[in-house]
Amino acid sequence: MTREDMLARLIAQATHEGGDLVTLRAMVEEASEVGAERALHRLGLSDESAQDDIDELRELLQAWRDAKASAWKAAVAWIVRGIFALLLIGIAVRLGVGELLK
């Protein structure tokens with residue numbers, strides 16, 4: 001019996017006999033399972049290799065995060081170096097080092 005059949009039977013039972021707590025809980029549980037299976041199927045994650053796909057996606061996401069963090073660190077390092085270079089040039093101009101070289 002499929003989950004859809006079980007859900008249909010529970011709905012029929014609730015309609016016919018009235019909805020006691022156990023029947024309603026079973027209906028909610030079966031409906032949740034059917035919805036979860038449908039969502040996984042639509043995402044393409046309902047086959048045997050779905051766990052491998054998820055693991056690979058997690059690895060790719062972690063690699064992307066690492067690369068992004070590394071790029072930010074490199075960009076900040078270059079900006080700081082540029083600021084220090086400009087500061088040194090400013091100090092050299094202020095002290096008149098260019099005049100000494102002539």
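Modeller: Asp-55 comes out as partly exposed, with a relative accessible area of 31%. This is a predicted model, where local features need pLDDT of at least 70, side-chain atom pairs count only at pLDDT 80 or more, and totals for chains, interfaces and linings use all residues. Residues are numbered from 1 along each chain as its sequence is written, and side-chain values use heavy atoms, with hydrogens and water left out.

Biologist: Why is Asp-55 called partly exposed?

Modeller: Buried means under 20% relative accessible area, exposed means over 50%, and partly exposed lies in between (1.4 Å probe, protein chains only). Asp-55 has 31%, so it is partly exposed. Its place is in helix H3, residues 50–95; helices are DSSP runs of H or I with at least four residues, numbered from the N terminus.

Biologist: Why is Glu-30 called buried?

Modeller: Its relative accessible area is 14%, and the limit for buried is under 20%. Therefore Glu-30 is buried. Glu-30 is found in helix H2, residues 21–43.

Biologist: What is Glu-30 in contact with, leaving aside its neighbours within four places in sequence?

Modeller: Glu-30 is in contact with Arg-3, Met-6, Leu-7 and Leu-10, where contact means heavy atoms within 4.5 Å.

Biologist: Why does Leu-60 count as exposed?

Modeller: Leu-60 has 52% relative accessibility, and exposed means over 50%. So Leu-60 counts as exposed. Leu-60 is found in helix H3.

Biologist: Why is Ile-91 partly exposed?

Modeller: At 41% relative accessible area, Ile-91 falls between the limits of 20% and 50%. So Ile-91 is partly exposed. The place of Ile-91 is in helix H3.

Biologist: And Ser-49, why is that residue partly exposed?

Modeller: Ser-49 has a relative accessible area of 30%, so it is partly exposed. Ser-49 lies in the loop between H2 and H3.

Biologist: What separates the C-alpha atoms of Ser-49 and Val-97?

Modeller: They are separated by 69 Å, and the two residues are 48 residues apart along the chain.

Terms used
Helix = DSSP H or I, 4+ residues; strand = E, 2+ residues; numbered from the N terminus.
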